[in-house]
Amino acid sequence: MSFPSRRPRRLRQSPAVRRLVAQTSINPHQLILPAFVREGATENIAISSMPGVVQHSRDSLKAEAARAAEAGLGGIMLFGVPATRDAVGSGATDPEGILNLAITDVKAEVGDELLVMGDVCLDEFTDHGHCGVLAADGSVDNDATLAIYAEMAVAQARAGADVLGPSGMMDGQVGVIRAALDQAGFQDTLVMAYSAKYASAFYGPFREAVDSQLVGDRRTYQMDPANRREAVLEVELDLEEGADMVMVKPAMAYMDILADVAAISPVPVAAYQISGEFAMIEAAAANGWIDRKASILESVLGLRRAGADQVLTYWSLEIAQWLKEGTA
Ligand code: PBG
C-alpha cells in the first residue's frame, strides 16, 4: 500500500484555505442587468417563461435602474417592446420610440452611477421579427440593415446611452455604427459588440419577453452552433471595426468559445447568460431538483473562470444582494 505525498486536498481542507486560493470571484461591478420596457404599459407584465423577470412600465424601469445603481452593478442593458411594429422597424430610429425614451428616462435617474446600455438590433421593432430588413426575395438584407443600425445607434447615443450593444450579426455592423457615432460627435460612446452570437434554441423565453413576431429562424445571420473557429474571425473583424468590448452569447453551452475569445482578445470580453439558461435553472430549482442559489452562483462563477470579464445575467440584482449580505 503506498500513500500519496502529493495531496491536492490540503488546499481544500478549510474555508480559510479555500478562500486564500480561490482564483475567481464575482464582483457586482462586472454584472450587467438586462431589462425590458414595454411601450404604453402602466403596470409590469410578467414573462411566464422567465419567473421574476417582467416587462417594465417606464416608471418601473426607472425604479429598477435605481436599484441596479444602488447595488453597484456595472450596467443595465435595455430592450424595448414597442406597441406597433413595421417592416423596417421604424420605432428603433424614432427619438420617441420606446427604447430611446427609456434610455433617456434611465440616464436621468441614474446619472453616472450606472452605465446605460442599449440593444442595437431591429428584431423587437420589425413586424416580421428579423434582426434586419428584408430584401424582395425575403432574405435579410445585410447592407440595407446597416444604414438603419447607424441611425438607431445615433438615436440611442442622443438619448443618453453610454454603451451600445449591436446584436444583429450583420457583417460590418460595428464599423458603420462606430463611424456614425463619431460623425455625430459621440466619440466617447462605447460599443460592446455581440461578436460571437450563435443561432440558439436557448433564446426561446426572450421571444416571449419581447413579444417577438418571428416566424422561422436566424440561421442566415447568427452563427452555426457547430462552429468554433469562426468565433475568432468574428471577434477579429469587430476589433478592426472598432469594438471596445466583445461578447460571446449564449454563455453556458459556449464556454469553449468564451475561453477561445478570452485567450486572444486584447479588449474586455463579456458573456451573456441568456433567457433560456435562466429559465432552465429556475425551472429545475422550482422542482427542487437543484439548489437555486448555489446553481446560480456556480453558473456565473463558471463563466468568469472561462474568461468572461463581464457577465450579463438576469440575476444580477439578486447576486449583488447575496454578495453584500455575505451569503454568496
Ligand atoms: C436581439 C437579441 C436577442 C437577445 C438579445 N438581443 C434575441 C435573439 O437574438 O434572438 C436574446 C437574449 C436572451 O435570450 O436572453 N435583439
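Modeller: Strand 8 (residues 245–249) is mostly covered, with 4 of its 5 residues buried. Here a residue is buried if 20 or more other C-beta atoms lie within 10 Å of its own, exposed if 12 or fewer, and partly exposed in between, the C-beta atoms being placed from the backbone. Strands (E, at least two residues) and helices (H or I, at least four) are DSSP runs, numbered from the N terminus. This is a predicted model: local features need pLDDT of at least 70, side-chain atom pairs count only at pLDDT 80 or more, and totals for chains, interfaces and linings use all residues. Residues are numbered from 1 along each chain as its sequence is written.

Strand 8 pairs in the parallel sense with strand 7 (residues 190–197) over 4 bridges; two strands pair if DSSP finds at least two bridges between them. Within this pairing, valine 246 of strand 8 is the bridge partner of alanine 193. Strand 8 also pairs with strand 9 (residues 269–272), again in the parallel sense, over 3 bridges. There, methionine 247 has alanine 270 in strand 9 as its bridge partner.

Strand 7, residues 190–197, leads on to glutamate 234, which is in contact with Ser195 and Ala196, leaving aside its neighbours within four places in sequence. Contact requires C-beta atoms, placed from the backbone, within 7 Å. Glutamate 234 lies in helix 8 (residues 229–240) and is buried because 21 other C-beta atoms lie within 10 Å. An unreviewed UniProt entry lists Glu234 under "binding site"; UniProt positions follow the numbering used here, feature names are shortened, and annotations may be inferred rather than shown by experiment.

Definitions and conventions: Two residues are in contact if their C-beta atoms, placed from the backbone, lie within 7 Å.
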